[in-house]
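Please open the model in a viewer and keep the selection panel at hand.

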Amino acid sequence: MSPFEQLCYLYGIGSEFTKYTGETVNFSHQVREAALKACNVDFYSNDSINALNYELDIKPWHNLVPAVSLVDESEPYLKIKIRDGEDKGLISLEVPEIDFRAELSLENAVICGDYVDADTRYIELKLPISKHLPVGYFSAEVSLRDEVFITELWVTPQQAVPFSEKKQLGISVQLYTLTSSSNYGFGDFSDLQQLIRKSACFGIDFILLNPLHLLFEEQPQRASPYSPSHRGLINPLYISVNDCLAQSTFSQLLDEHKSALSILQSEKQSQYIDYDLVSRTKYKLLKSLYRQFKQNASLKSQRSFRRFCQTKSNLLSAFAEDERAKFWQWLAHEQLNHCQKLCLSLGMQTGLINDLAVGCAKDGLEFLTNESVFALNAEIGAPPDPWAEQGQNWGLPVIDPKKMADNNFAYFRQLFKENMQYFGALRIDHVMSLRRLWWCLTVNQQQNGCYVYYPFEHLLAILKIESHLNNTCLVGEDLGVVPPEVTSALASSGIFGNTLFYFEKNHIGEFKHGNDYRDNCMLMLSNHDVPTFAAWWFGEDIDLKVSLSLCSDHEASNLKDQRQIDKQRVLNWLNKSELTLESDVNILFNELVKTLIQTPPKLFSLNFDDLAKQTLPINIPGTDREYQNWRRRILTTIEDVFSSQQSLLNDLTDLRKDND
């Protein structure tokens with residue numbers, strides 16, 4: 001291995017990948033150089049490369065303990081590095097925060113690694129810790145021969161908080177699409193409460209939400225919840241103004257509220273959200289809420305707000321001195337917390353499931369307040385696949401795999417923590433990013449890219465620790481090309497996967513037998529990136545692509561021929577003689593989901609769009625301006641959707657119980 005290749009390896013810059021065709025593609029020297037440049041790495045001379053390799057590869061062996069020591073809760077060991085021949089005596093481990101002290105004998109240690117530097121052999125030892133340590137992060141002092149070293153112990157459970165043993169039925173919904181008489185044309189936490197109550201009546205166990213991340217107040221057309229300004233903060237548009245008006249502090253705003261509803265009356269009947277009008281109208285009311293709070297809030301409310309600001313001071317520093325923005329976060333947190341408590345009080349097993357986007361916008365608050373951990377001139381994307389031969393560029397900045405460890409991974413710890421609060425479970429979008437990400441890079445004025453690898457063991461440890469500290473279960477969205485080590489690590493860590501019916505095919509293209517589905521996953525028929533079942537069955541997604549000039553008539557004809565084959569494969573999968581290609585699509589949908597809920601997966605999530613019989617998509621992947629992504633609303637009320645699907649939901653609840 002050359003010094004340059006060693007540097008790439010130590011920095012996580014991949015050398016090759018297996019394309020969807022099965023061929024092995026080697027990353028060029030220029031592409032790997034571009035990845036190092038993005039990390040601001042000086043590789044322009046042999047001296048600088050050798051110095052970096054020494055810093056990353058050899059120097060850690062000269063330190064007794066690393067900055068972070070991973071400790072398995074069930075079988076705790078402290079790992080240290082010393083010179084060979086010095087493995088005698090005792091090491092003192094002290095953790096003042098939990099009043100813990102232990103003497104660890106070097107004679108009882110097990111060698112788990114070694115390294116030779118300049119004819120000196122260094123060994124890594126595992127020292128068993130006989131006493132129990134609680135899950136969490138703890139500053140520790142390690143003493144050897146009168147020298148004291150500092151490390152942070154990450155006491156890590158073997159698995160995340162488990163889902164209940166019983167099978168669960170849930171609903172996935174884009175919250176902003178919901179319609180009601182009291183919202184401002186954008187589904188809010190009051191609508192979520194109504195959805196919770198109706199769901200609980202039918203024995204539904206969880207509600208999977210879209211990411212609720214902060215977007216852009218001044219640029220309302222930037223509507224994608226997967227390209228947010230800040231993933232640790234909540235979009236104020238989800239605040240229920242109607243719920244606020246029930247409090248005496250804000251009661252004077254009733255007339256302003258009625259006026260806003262009048263302004264939006266026509267807009268709320270449109271198929272697509274007019275974000276300019278909706279955002280402008282709602283933020284006007286939100287500003288009035290803040291003014292009323294400053295004038296009329298009780299001492300109890302003022303103390304609660306101050307306590308919130310103190311507790312989340314680090315997170316809220318993104319707003320600098322903008323107290324109004326902090327106030328909106330307080331309202332959003334209060335209402336969201338109430339929603340989860342409502343779920344549990346009504347008997348839901350899990351309640352709300354949050355969705356964490358894979359990245360943030362490169363001009364948003366998250367990037368601007370954490371810029372030091374991001375790489376330069378590189379963006380998150382995906383390698384070539386059958387649907388995008390040139391690959392995909394999602395336009396999101398990438399994290400530098402070395403800088404992310406700054407301050408003992410404080411950035412990621414806070415990110416996961418904030419997205420687990422108030423939720424029974426967290427879905428992690430593109431969970432493969434914990435292991436590797438496709439970096440889009442510009443080489444010779446052309447888009448290129450490569451995989452860059454991340455400290456998977458540490459990120460997985462944070463996930464499991466935060467899962468226990470917040471009592472939150474975990475689901476990793478692992479659709480697409482998933483490295484086998486990710487699949488096995490997630491399974492052994494008790495993190496559920498995500499399975500989509502449309503994608504579950506065998507090597508000859510037939511839909512997999514339901515019994516072949518894994519049980520530790522959330523199964524879905526459809527999600528926000530694929531057509532609803534009705535649209536898929538009638539090929540309306542293909543017709544829409546033609547109308548938007550996203551495919552030619554010839555390509556559409558081929559797609560429809562393939563769709564006919566797949567429709568027959570669905571019938572083969574259902575194996576019910578009374579069902580044909582001419583059967584009513586609603587009957588087909590009902591039979592399909594009733595069969596799916598009897599398959600092994602512990603979690604089955606119905607898309608609310610399917611229940612509401614939607615055919616227009618939420619999002620068309622790979623498009624930006626061609627279609628009104630993230631704007632299509634559901635014009636049918638929550639009450640009417642549940643009323644029309646009452647029989648199906650009762651059947652699904654019974655089948656879920658029968659198949660526990």
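On a 1 Å grid over the protein atoms alone, a cavity is a set of points where a 1.4 Å probe fits but cannot get out, and lining residues have an atom within 4 Å of a point. This is a predicted model, in which local features need pLDDT of at least 70 and side-chain atom pairs pLDDT 80 or more, while totals for linings use all residues. Residues are numbered from 1 along each chain.

Select S172, V173, Q174, N527 and H528: of the 18 residues lining the second largest cavity, these lie nearest its centre. Two or more lining residues come from each of β11 (168-173), β12 (206-209) and α19 (608-611); helices (H or I, at least four residues) and strands (E, at least two) are DSSP runs, numbered from the N terminus. The volume, the space filled by probe spheres set on grid points joined across faces, edges and corners, is about 170 Å³ for this cavity.

Next, select R231, V358, I399, F412 and S433, which lie nearest the centre of the largest cavity. Its volume is about 220 Å³. β16 (374-382), β17 (392-399) and α12 (410-420) each supply at least two lining residues.

Finally, select V68, L70, P455, E457 and H458, nearest the centre of the second largest pocket, which 49 residues line. A pocket is an open set with protein on both sides within 12 Å along at least five of seven lines. This pocket has a volume of about 2000 Å³, and α13 gives the largest share of its lining, 6 residues.

Technical notes
Heavy atoms only, no water.
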